[in-house]
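Welcome! Please take a look at the sequence and the 3D structure below, and then we can walk through a few of the details together.

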Amino acid sequence: MLDKRTETKMVRAALIKANFRVRKVGHGTGTASGWLKIYLHPDEWPREREATFLVQNLTGRHGEYDGRIIVLCL
């Protein structure tokens, strides 16, 4: 299991390499600290699911609630 800082950098770099317009990548706080939060540019909403699959394969997060990954296009 990767530490949060390393995971964040790795995910951000992979999304940028896949031509996603990334606004922010980070983790939740408090009881949601295990969630990986990804904010993309609003124009990326048709590729939202593609970003989730990319991150799942990269991090190994799978299972219930998409492996605690949330992708938002704001």
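## A loop residue with a positive phi

N19 sits in the loop that links helix 1 (4-17) with strand 1 (22-27). Helices here are DSSP runs of H or I with at least four residues, strands are runs of E with at least two, and both are numbered from the N terminus. N19 is not a glycine, yet its phi is positive, at about 65°. Most residues other than glycine have a negative phi. N19 is also exposed, with a relative accessible area of 60%; exposed means over 50%, buried under 20%, and partly exposed in between (1.4 Å probe, protein chains only).

## How the model is read

This is a predicted model, in which local features need pLDDT of at least 70 and side-chain atom pairs count only at pLDDT 80 or more, while totals for chains, interfaces and linings use all residues. Residues are numbered from 1 along each chain as its sequence is written, and side-chain values use heavy atoms, leaving out hydrogens and water.

## Another positive phi

R68 belongs to helix 3 (residues 65-68). Its phi is positive too, near 60°, and R68 is a residue other than glycine. R68 is partly exposed, with a relative accessible area of 39%.

## The largest nonpolar core

Which residues make up the largest nonpolar core? There are 12 residues in all: V11, L15, F20, V22, V25, L36, I38, L40, A51, V55, I69 and V71. Such a core is a set of buried Ala, Val, Leu, Ile, Met, Phe, Trp, Tyr and Cys residues joined through side-chain atoms within 4.5 Å. Strand 2 gives the most to this core, with 3 residues.
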